[in-house]
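Me: I would like to learn how to read a structure like this one. Please take the features in turn.

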Amino acid sequence: MSRFLRHRLFWPAVILAALLLLNLVFTDHFFSVEIKDGHLYGSLVDIVRFGAPLILVALGMTLVIATGGIDLSVGSVVAISGALACLRISDLGDQNSTGGVLGAVVLALALSLVLGAWNGFLVAGIGIQPIIATLILMVAGRGLAQLVTDGQIITVNSSPYKLIGGGYWLTLPFGIIIVAAVLALTAFLTRRLALGLLIESVGGNAEASRLAGISARGVLMMVYAFCGLCAGVAGLMISSNVSSADGNNAGLWIELDAILAVVIGGTPLAGGRFSLSGTVLGALIIQTLTTTIYSIGVPPETTLLFKALVVTIVCLLQSPAFREKVFHRRGRPTSARPAAEEKATVTA
Amino acid sequence: MTSTTGPLAGRRTLPRKYIPVLVTAALFMAMFVAGGIRYDGFATGQIILNVFIDNAFLLVVAVGMAFVILTGGIDLSVGSVVALATMISAVLLQHGWPAYAVIALVLAIGAVLGLGMGAIIHYFEIQPFIVTLAGMFLARGLCYTIGTDSISIEDATFTAFAQSRIELGGGMWVSPSVLITAVVVLAAAYVLHYTRLGRNVYATGGSEQSALLMGLPVARTKIAVYTISGFCSALGGLLLSFYMLSGYGLHAVGMELDAIAAVVIGGTLLTGGTGYLLGTVLGVLVLGLIQTIISFEGTLSSWWTKIFIGLLLFAFILLQRLIGARRR
């Protein structure tokens, strides 16, 4: 039981459960999930469906943060990817042709990958501090997205494109399937193969891992490119869900939510270790929080205050120092804590 | 060990630690000269002074940010605290409070917010990024709770601050805000390089563990830097309300990134422990000069402006990096 209580993800899970229960009080049948017309419906499904882009962005961000970096440009990449895909589709003669839509999607994803690799090049190739390297693309990328859409909102009417963010496949929302696939692939690559270990060692000490024979530059390039790709997929989902691309507002400030999700999930910003399941949990907490704000009717002006409150509570509960000081739990010496935590992550 | 001694006079070779700042200064001059060649009426002293006038609030905020980053932390709440400061001053002045009481109260609120965040960061060992992100939501949320519309300021003292000019001779002038900023920068430089608190800031940023083992007051230092940053943000907010003569919840959105960029462009490492305040001043000047060049360029649409800012920032950082690296 005490091992269970001490698990890294115990407190985030408690917060998520508490938020969901709060919803149950305000909304009847909040937990009910049903199948209508062969589609899965329910508030819980909606949380995962609308949270899918955030989960994707946060997954990419997790790997970047694990190397000790940060990527501020994901919001702009989200906007660019959606804008480019919608532009290509709106130029198609037949917007419902699967081949044309597929071409547009591949093009948008390829560009996202290139933009991510560009960040990686600035960080690993030139050696610019990640926050500034990605700030360049964050500023310029927002301009690029507006250039693609010409400052307008591009609307498309394409059923194959609508599938990505708003459609269903095998009774499940398609977005959830994409997230599950990306998550499974990432988990396999980082936890079953040595890649995760390489990423963590670069985050722990890039110079030492280079001397140990790891291509630190290659690893860095890869995680930034992956982060760009994830943001690109998220951009397609967001624009497909509303069948339009808005260069100004799509993905605005999603980088902050994504970083928040990663940190709530127990990945330290200093790098060196990461938790994919924690990130998913963190993203779900943020999405549930958004849903809760609507369902319990918090007035729009105080939304941010409510968010600040919940974020503070989550972080305080997660902080071992806070729990020790406030709940007077068995006073383990503080110096023993980091070592114990590190052991736990190796087995995870 | 990070050295905080004064300029090493009499040495022939330039100490390596000054190179980032010098490279930044040289590139700034190059950018200014390039602008002077390209645009008529650009290469005047007043252009530089205008950069100071238009960015006085950013400079004050960046000074506070420099303290935080030197200890290895980060403060994302500054932009929201600036907005909150403009909002609180506008509302209180509307209710007929005396201007100086408002100024004192706003500065106190900023310092207390910073103090609270610093205490949470230190005592509960939560990452600064997250605590100040929550602080950012909190301050921005408070702005919207106070009011969602822009409130104009008509108070006589604030208007006097906004409109008076201090002539420097030769047709050049600065606003009172620039003088306040100059005082802040000089005071901060003195504190950082010539006082015990300054040495503690560098030591904590260099290695918190070592600073602790040396018996330095790490707790007090860490809480102090966030308090300073909160205070500077509130002061920046006051300067912004002199500049805009309005309080609005959407003022200074994204300003935290400008402040961080200015500090980092000035050669300060985000990991803490290295950097000079002069670099931060240069960083703000670089960002301001980029804006000036864009306004001289004139006909850019809003998206080309963003792309152009990104390109200039990239070119600047690339050159800074290449020149700095070659000298090693």
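Me: How much of the contact in chain A, at a separation of 6 or more, is between residues 24 or more positions apart?

Reply: Two residues are in contact if their C-beta atoms, placed from the backbone, lie within 7 Å. In chain A, 78% of the contacts with a separation of 6 or more join residues 24 or more positions apart. A caution on the source: this is a predicted model, where local features need pLDDT of at least 70, side-chain atom pairs count only at pLDDT 80 or more, and totals for chains, interfaces and linings use all residues. Residues are numbered from 1 along each chain as its sequence is written, and chains are lettered from A and ligands numbered from 1 in the order in which they are written.

Me: What radius of gyration does chain A have, and what would a compact globule have?

Reply: The radius of gyration is taken over C-alpha atoms, and the globule rule is 2.2 Å times the number of residues to the power 0.38. For 348 residues the rule gives a value near 20 Å, and the 21 Å of chain A agrees with a compact globule. Along the principal axes, the C-alpha atoms of chain A fill a box of roughly 70 × 55 × 40 Å.

Me: How many helices and strands does chain A have?

Reply: Helices (H or I, at least four residues) and strands (E, at least two) are DSSP runs, numbered from the N terminus. Chain A has 16 helices and six strands.

Me: What percentage of chain A is buried?

Reply: A residue is buried if 20 or more other C-beta atoms lie within 10 Å of its own, exposed if 12 or fewer, and partly exposed in between; C-beta atoms are placed from the backbone. Buried residues are 49% of the 348 in chain A. Helix H9 (residues 195-204) of chain A is mostly covered, with seven of its 10 residues buried. Among them are Leu198(A), Ile199(A) and Val202(A). The buried residues of H9(A) pack against H3 (43-66), H8 (174-192), H10 (206-211) and H11 (216-242) of chain A.

Me: Why does Val102(B) count as buried?

Reply: Val102(B) has 24 C-beta neighbours inside 10 Å, so Val102(B) counts as buried. Val102(B) sits in helix H4 (residues 99-123) of chain B. Leaving out residues up to four places away in sequence, Val102(B) touches Ser89(B), Leu92(B), Leu93(B) and Trp97(B).

Me: How many residues does each chain bring to the contact between them?

Reply: Chain A gives 34 residues and chain B gives 36. H6(A) supplies the largest share of the chain A side, 11 residues. That side divides into 23 nonpolar, eight polar and three charged residues. Here Ala, Val, Leu, Ile, Met, Phe, Trp, Tyr, Cys and Pro count as nonpolar, Asp, Glu, Lys and Arg as charged, and the others, Gly among them, as polar.

Me: At what angle do H12(A) and H5(B) cross?

Reply: Two packed helices are described by the angle between their axes and the distance between the axes. Axes are lines fitted to C-alpha atoms, for helices over the stretch in contact, and angles run from 0 to 180 degrees between N-to-C directions. The axes of H12 (residues 254-264) of chain A and H5 (residues 128-146) of chain B come within 11 Å and cross at roughly 130 degrees. H12(A) and H5(B) are therefore oblique; angles under 35 degrees count as roughly parallel, over 145 as roughly antiparallel, 65 to 115 as roughly perpendicular and the rest as oblique. Leu256(A), Leu260(A) and Val263(A) meet Phe129(B), Ile130(B) and Leu133(B) in this contact.
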